[in-house]
Amino acid sequence: MSLLRPRAVIDHVTHLTPEFLADRGLHGLLLDLDNTLVPYGSYDPAGVTQTLAWVRDLKLAGVGLYLLSNATGRRAAFWLDRLEFQGVGLAGKPNPRAFRRALSELGLPPHQVGMVGDQLFTDVLGGNLSGMYTILVRPLATNALPHTRVARRLERAVLKRYGHDWNH
C-alpha cells in the first residue's frame, strides 16, 4: 500500500458514523482541525453546529476523540474548548512521534484508530506511517496557506492515480 493512499475517502466528517467505525474495528479517531472539522481560519462555532453535534454523538457512542492539528496552539485551544475533547496544536504532522503521542493519550493501538484529515502529505502520510486507518475528507474551504495550495495540486494528481477525482 502506498503511504499516500487513504483507506477511505469521504465528503464530510459527519459521514463517519459509529456503525462505519465499528465495521472497521475502530474505537477512536485522531482528527485534524482546519478544513476537516472547521473551515480554515474560522472562529465561528455557529458555522459548525452539525460537526459539534456529530462530536457529541460519537462521544456518547464511546468513540475516543483527539485533535491532532498543525494549527497554532492558541487556535487549537479555542476549538478544543468548544469540541470538549483533548488534543494539541503545532503537532508536527506527519512526524510519527506526534501520532504515537496522540495514540498514547487515547490509550488505543494504531489499528483501532482512524486518522481523519483533509491533506495527503500530513494526515494520510502520518497516519499510514503510524499504522492507522486513514480517512481523507473533502476540504471544507478552498482558502489555505500558500504552501497548502501547492500541496493541493499535487494531491489531486495522486488521488487521480488512485481513481478518485475531487474538483477542488
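From the N terminus on, the elements of the protein chain follow the order β-α-β-α-β-α-β-α-β-α-β-α, and the chain holds six helices and six strands. The model is a predicted one, and the values below are computed from its atoms. The six strands form an open sheet with parallel pairing, and buried residues make up 50% of the 168 residues in the chain.

**Overall dimensions and surface**

- The radius of gyration of the protein chain is 14 Å, which agrees with the value near 15 Å that a compact globule of 168 residues would have.
- Taken along the principal axes, the box filled by the C-alpha atoms of the protein chain is roughly 40 × 35 × 30 Å.
- The protein chain exposes about 8200 Å², of which carbon and sulfur atoms supply 52%.
- Among contacts between residues at least 6 apart in sequence, 69% join residues that are at least 24 apart.

**The sheet and its pairing**

- Across the open sheet the strands are arranged in the order β1-β6-β5-β2-β3-β4, with parallel pairing; the edge strands are β1 (8-10) and β4 (87-88), each of which pairs on one side only.
- Strands of a sheet pair through backbone hydrogen bonds, and the pairing may be parallel or antiparallel.
- Strand β1 is joined to β6 (residues 133-137) by three bridges, and these two strands run parallel; Ala8 has Ile135 as its bridge partner in β6, while Ile10 stands opposite Val137 of β6.
- Four bridges join β5 (residues 113-117) to β6, again with the strands running parallel, and here Val116 has Ile135 of β6 as its bridge partner.

**Burial of strand β6**

- Strand β6 is mostly covered, since five of its five residues are buried.
- In a regular strand the side chains alternate between the two faces of the sheet.
- In β6, Tyr133, Ile135 and Val137 point one way, whereas Thr134 and Leu136 point the other way, and all of these residues are buried.

**Helix α5**

- Helix α5 (residues 120-129) is mostly covered, with eight of its ten residues buried.
- The buried residues of α5 are Leu120, Thr122, Asp123, Val124, Leu125, Gly126, Gly127 and Asn128, a list that includes Asp123 as well as residues such as Val124 and Leu125.
- After α5 comes Gly131, which has a positive phi, near 80°.

**Helix α4 and Leu103**

- Leu103 lies in helix α4 (residues 96-106) and has a relative accessible area of 6%, so it counts as buried, the cut-off being under 20%.
- When its neighbours within four places in sequence are left aside, Leu103 is in contact with Leu108, Pro109, Pro110, Val113 and Met132.
- The C-alpha atoms of Leu103 and Leu33 are separated by 17 Å, and the two residues are 70 residues apart along the chain.

**Helices α2 and α3**

- The buried residues of helix α3 (residues 73-83) are Arg75, Ala76, Phe78, Trp79, Leu80 and Leu83, and what covers them includes α2 (49-60), β3 (64-68) and β4.
- Just after α3, Glu84 takes a positive phi of about 60°.
- Val55 is found in helix α2 and, with a relative accessible area of 1%, is buried.
- Not counting residues up to four places away in sequence, Val55 touches Leu65, Leu83 and Phe85; Leu83 is also one of the buried residues of α3.
- Val55 and Thr14 are 41 residues apart along the chain, and their C-alpha atoms are separated by 8.5 Å.

Notes:
Residues numbered from 1 in each chain as written. Heavy atoms only, no water. Pairing = 2+ DSSP bridges. Rg over C-alpha atoms; globule rule 2.2 N^0.38 Å. Buried < 20%, exposed > 50% of the residue type's maximum accessible area, 1.4 Å probe, protein only. Contact = heavy atoms within 4.5 Å. Areas by Shrake-Rupley, 256 points an atom, 1.4 Å probe, with all protein chains shown as cover.
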